[in-house]
Amino acid sequence: MDETPDPVVRSGPGAPIRSGIPEHGRVPKYYAVKGQLEELLDELGEGGVLPTERELAARFEVARETLRQALRELLIQGRLRRRGRSTVVAGPKLEQPLSLASYTEGVRRQGRVPGRTLIGLERLDAGIQLAGQLRIGSGEPVWHLERVLLADGERVGLESTYLACGRVPALDEEFDPGSSLYAFLAEKAGITFGAADERIETVLATPREALLIGTPPALPMLLLHRLTRDTADRPVERVRSLYRGDRFSFTTRLEAD
């Protein structure tokens with residue numbers, strides 16, 4: 001792998017420790033190019049269109065494959081976005097709080113417009129594991145609600161929710177799938193959320209998930225598993241939410257006991 005002894009060092013806010021430079025000081029050429037590209041992105045600003053690969057390779061005096069590796073990392077990090085045949089500078093990532101607030105509330109707090117596209121709402125028989133999580137009998141009916149998550153019309157995630165039909169029997173008739181499920185459960189079903197257990201991991205999307213979200217299968221995703229309970233400690237929903245790693249980050253506040 002090509003190396004250069006004269007890397008571009010970024011020291012601004014959010015830059016990693018030593019800007020990724022190993023202690024021996026030798027940096028792969030693509031990483032030095034990535035630093036130069038980041039400076040160019042700062043100059044262009046959000047929505048700015050990058051020059052072509054040919055122009056960038058000539059500008060930085062590197063091979064096209066070296067340039068592409070740097071561009072791939074910036075795409076994965078969410079600094080760049082594809083827009084048709086062009087590559088543009090992306091805006092800041094959406095910050096979703098780890099709380100009982102809904103996706104809708106989290107996106108609105110950042111001045112963005114939330115939305116959802118319905119993939120399906122079906123009635124299923126609960127398997128043993130799901131029944132145990134929702135504290136219902138095996139084989140009892142559950143709703144499975146699957147929706148693509150949107151922010152300003154852009155597809156950013158995929159949400160799969162399971163609820164016991166006994167708690168919301170008319171979900172298929174009364175619920176608007178483009179709206180907040182939490183608001184519906186509170187207003188129409190009288191459910192007050194009390195607590196939730198949540199687990200986060202990184203995954204790659206399946207081919208189906210990548211197609212629904214509109215991302216390449218190799219893009220890292222953030223997967224959240226949530227089991228939500230009401231104030232009486234009764235399970236309300238089991239949720240599997242898949243978020244684009246290049247468009248989302250999660251925040252929480254930690255306090256001493």
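Start by selecting D246, a residue that counts as buried because its relative accessibility is 4%, under the 20% cut-off. Keep in mind that this is a predicted model.

**Stop 1: around D246**

Where does D246 lie? Look in the loop between β11 (235-244) and β12 (248-251). Now show side chains. The side chain of D246 makes a polar contact with the side chain of R244, at 2.8 Å. Next, display the residues that D246 touches beyond four places away in sequence. They are L75, I76, Q77, G78, K93 and L219.

**Stop 2: back along β11 to P235**

Select P235. This residue sits in strand β11. Is P235 buried or exposed? P235 is buried, because its relative accessible area is 6%, and buried means under 20%.

A164 and P235 are 71 residues apart in sequence. In space, their C-alpha atoms are 9.0 Å apart. Then bring up the contacts of P235, leaving aside neighbours within four places in sequence.

**Stop 3**

Select helix α1 (residues 29-44) and helix α3 (residues 64-77). Their axes come within 8 Å and cross at roughly 55°. The crossing of α1 past α3 is right-handed.

Which residues make the contact? Colour each helix separately and pick them out:

- From α1: K29, Y30, V33, K34, L37, E38 and L41.
- From α3: T66, L67, Q69, A70, L71, E73, L74 and Q77.

Now colour this contact by residue type. It divides into 8 nonpolar, 3 polar and 4 charged residues.

**Stop 4: E146 in strand β7**

Bring the strands back. Select E146, in strand β7 (residues 141-151). Its relative accessibility is 11%, so E146 counts as buried. What is E146 in contact with, apart from its neighbours within four places in sequence?

- T117, L118, I119 and G120.
- L158, E159 and S160.
- R208 and L212.

**Last look**

Select D246, P235 and E146 together. D246 is buried, P235 is buried and E146 is buried.

Technical notes: Residues numbered from 1 in each chain as written. Predicted model: local features only at pLDDT ≥ 70, side-chain atom pairs only at ≥ 80, totals over all residues. Heavy atoms only, no water. Helix = DSSP H or I, 4+ residues; strand = E, 2+ residues; numbered from the N terminus. Buried < 20%, exposed > 50% of the residue type's maximum accessible area, 1.4 Å probe, protein only. Polar contact = N/O pair within 3.5 Å; in protein donor to acceptor, adjacent residues only side chain to side chain. Contact = heavy atoms within 4.5 Å. Axes fitted to C-alpha atoms, helices over the stretch in contact; angles between N-to-C directions. Left-handed = near helix turned anticlockwise from the far one by under 90°. Nonpolar A, V, L, I, M, F, W, Y, C, P; charged D, E, K, R; others polar.
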